[in-house]
Amino acid sequence: MRTADLTTALILIAGGALVIWDSLRLGIGWGTDGPQSGFFPFWLAVLLVVACAVIGVQARRRARARPFVTREQLMPVLTTLVPTAGFVVLTQFLGLYVATTLFMAFYMRWIGRYSWVPVVLVSVLFPLVIFVTFEKWFLVPMPKGPLEAWLGY
Amino acid sequence: MGWENLLLGFQVAAQPFNLGLAVLGITLGTIIGVLPGLGGANGVAILLPLTFSMNPTSAIILLTSLYWGALFGGAITSILFNIPGEPWSVATTFDGYPMARHGKGGEALTAAFTSSFVGALFSVILITLFAPLLAEIALKFGPPEFFAIQLLTFSSFIGLGGGNPIKSLVSILIGFILAAAGLDIVTGQLRLTFGITELMKGFDFIVAVIGLFGIGEILLSVEEGLSFRGVSPQINPKVVWQTWKTLPRYYRTFIRGAFIGFWMGFKPGGATPASFMSYAFAKRFSRHPERFGKGEIEGVIAPETAAHAAGGASLLPMITLGIPGSPTAAVMLGGLIIWGLQPGPMLFREKPEFVWGLIASMYTGNLIGVAMVLAFVPLFAAILRIPFAILTPVIVAVCAVGSYAVHDSMIDIWYMLLFGVIGYVFKKLDYPLAPLVLALVLGDLAENALRQSLIMSQGSLLILFERPISGVISTIALVFFALPLLQGYLRRARRSEVPVVSSHDG
């Protein structure tokens, strides 16, 4: 917990420093027509750095109590996070519908241990429901890939 | 003012199409409220793109109904599954779940839904009475007053939000900084883009809401293992009727909860402290405080009344000032802008049919809502029996659909993933997420109000204190900002030893 708190505070301080640097480039003073572009972000970032420093000091003073995440907790989190990230990558290249099909099939098969019949049924039907609702009914387009192009959408 | 306007509103809200939308909204909202990882804010965010082509009044009726539905759905999971869907349902689990375990789930649910209805109704009546007055006053506001209200908004997170005030401050600052990224409309300069074109468009708060609350919440809920265990509800008209007959006995708890909820709720972040405060009061004034936590019906009534009164009240500053009181209200505010309406006091003059249609739909929506959830609780509870391995990818995919639809842009799905991880880490480290979202929404407004104020005063911040209304509001805001320091000082004065900062990490 303490390490995670310190790491987060340090990352945020680094981010704050980046914002301060960019704000200084834009100018933090008084321009011809009021405060310059960097004025507002500069003071926000200064406050952020100070606040994170305080959090860092608080965290350092605290005893090393509970771990941020236990091994038993981390496994299910990773088995969800990694396929989710994979799903986003697939969406980038194959479009949302195909990515959803593959993601659902993978998750149901390997985590839910379903037999192939329900896996195929659900993972094909659900993207179709999204397609009909969003693309056809409400005319909200979704990212598409080679398969949709081949089908003529 | 008043009744003829409300009547006009009812004529709008009672149109068959709008009533149908209310039923649809409540159904979807309750489903969303029951599902882990989806709550009021991101449910509204995901469905927002579907309303782009509707007329604004119907769209807001759909979204507010969704919001009521999500609030009702949260009560179902709290009582039957011991899973608080939203932070303000935590107090409902204290007595709701023990009641369900003792076979009194039906009573608990009936009490929860009825209290929700009473709390929300109380708020809506007060909104009907006070919103036009507040809008009238707000019409006289200039930039310093608006900036002062923003200060008050964020100071109340720090002073009254509970938890670590410095972490609340950090959340607010991150939100404002993210809002500043992209094109600065005043000077035309690019800020915080570091030469990367994708960053030019900035961060959309709707995507942030979906990532932080949707993906982040999924990751948190799988931590406890990949399944849910719940109690089956025994609910039928007889149980409902029996419970209703006992409820008038607790009128004091209802009244107290409604007042606490409304008072806390029109300030941001108020619903959660309101529900806990109401629970604590109910326990203190009860003749059997020892029964609390073991399945006392008052322990369900108190937090639910307060949470829903607060949920209703959070819409008051949104429609009168254009400043949302909760993340869900913030998403609706974003909707208003997309539908081409200018949120704020002018709405009452320029779009009365919108404002009064919205207010009237709060009455009809709640009435339909309470009837529907009471009738269909077993169906809604059955959603949580859908196996986890199916539910998780469905929720992730729906979140991705909602993120993409906001701007038709793939990068938003990446942001959703990023915000999901941030949401998970921040939740674990006790950084509150609601202030981050509100700051992201209000960032541009706040910055412009501050800039214009500074231009008016030629660079002096004292303008915030020199004008009467903004002076009073700014002073209250400063007091709230200082409140944690004062409390720390008082505590230190009372005890000789400095208490170690408590680490109540979830």
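**Chain A, contacts and elements.** Among the contacts in chain A with a separation of 6 or more, residues 24 or more positions apart account for 55%, where two residues are in contact if their C-beta atoms, placed from the backbone, lie within 7 Å. This is a predicted model, in which local features need pLDDT of at least 70 and side-chain atom pairs count only at pLDDT 80 or more, while totals for chains, interfaces and linings use all residues. Residues are numbered from 1 along each chain as its sequence is written, and chains are lettered from A and ligands numbered from 1 in the order in which they are written. Chain A has six helices and two strands, these being DSSP runs numbered from the N terminus (helices H or I, at least four residues; strands E, at least two), and from the N terminus on their order is α-β-β-α-α-α-α-α. The radius of gyration of chain A, taken over C-alpha atoms, is 24 Å, well over the 15 Å that the globule rule (2.2 Å times the number of residues to the power 0.38) gives for 153 residues, so chain A is more spread out than a compact globule.

**The two domains of chain A.** An automatic or database domain assignment divides chain A into domain 1 (2–61) and domain 2 (71–151), and the centres of these domains, taken over C-alpha atoms, are separated by 39 Å.

In helix α3 of chain A, A:T91 is buried, with 26 other C-beta atoms within 10 Å; a residue counts as buried if 20 or more other C-beta atoms lie within 10 Å of its own, as exposed if 12 or fewer, and as partly exposed in between. Leaving aside neighbours within four places in sequence, A:T91 is in contact with A:L96, A:A99 and A:P143, and also with B:A400 and B:I413 of the other chain. A:G145 is 54 residues from A:T91 in sequence, yet the two are 8.1 Å apart in space, C-alpha to C-alpha.

**Where chain A meets chain B.** Here 57 residues of chain A are in contact with 54 residues of chain B. Several elements of chain A give two or more residues to this side, among them α1 (2–26), α2 (39–61) and α3 (71–94). The chain A side divides into 42 nonpolar, 11 polar and four charged residues, with Ala, Val, Leu, Ile, Met, Phe, Trp, Tyr, Cys and Pro taken as nonpolar, Asp, Glu, Lys and Arg as charged, and the others, Gly among them, as polar.

**The largest nonpolar core.** This core has 211 residues, and those with the most contacts inside it are B:V209 and B:V437; a nonpolar core is a set of buried Ala, Val, Leu, Ile, Met, Phe, Trp, Tyr and Cys residues joined through C-beta atoms within 7 Å. Helix α5 (residues 90–138) of chain B gives the most to this core, with 18 residues. Both domain 1 and domain 2 of chain A give residues to this core, so it lies between them. Not counting residues up to four places away in sequence, B:V437 touches several residues, including B:F205, B:V209 and B:P327.

**Helix α11 of chain B.** Helix α11 (residues 271–285) reaches 21 Å from its first C-alpha to its last, close to the 21 Å expected at 1.5 Å times one less than its number of residues. Because 11 of its 15 residues are buried, α11(B) is largely enclosed by the rest of the structure. These buried residues include B:F276, B:M277 and B:Y279, and what covers the buried residues of α11(B) includes α5, α6 (143–160), α10 (251–265) and α12 (298–313) of chain B.
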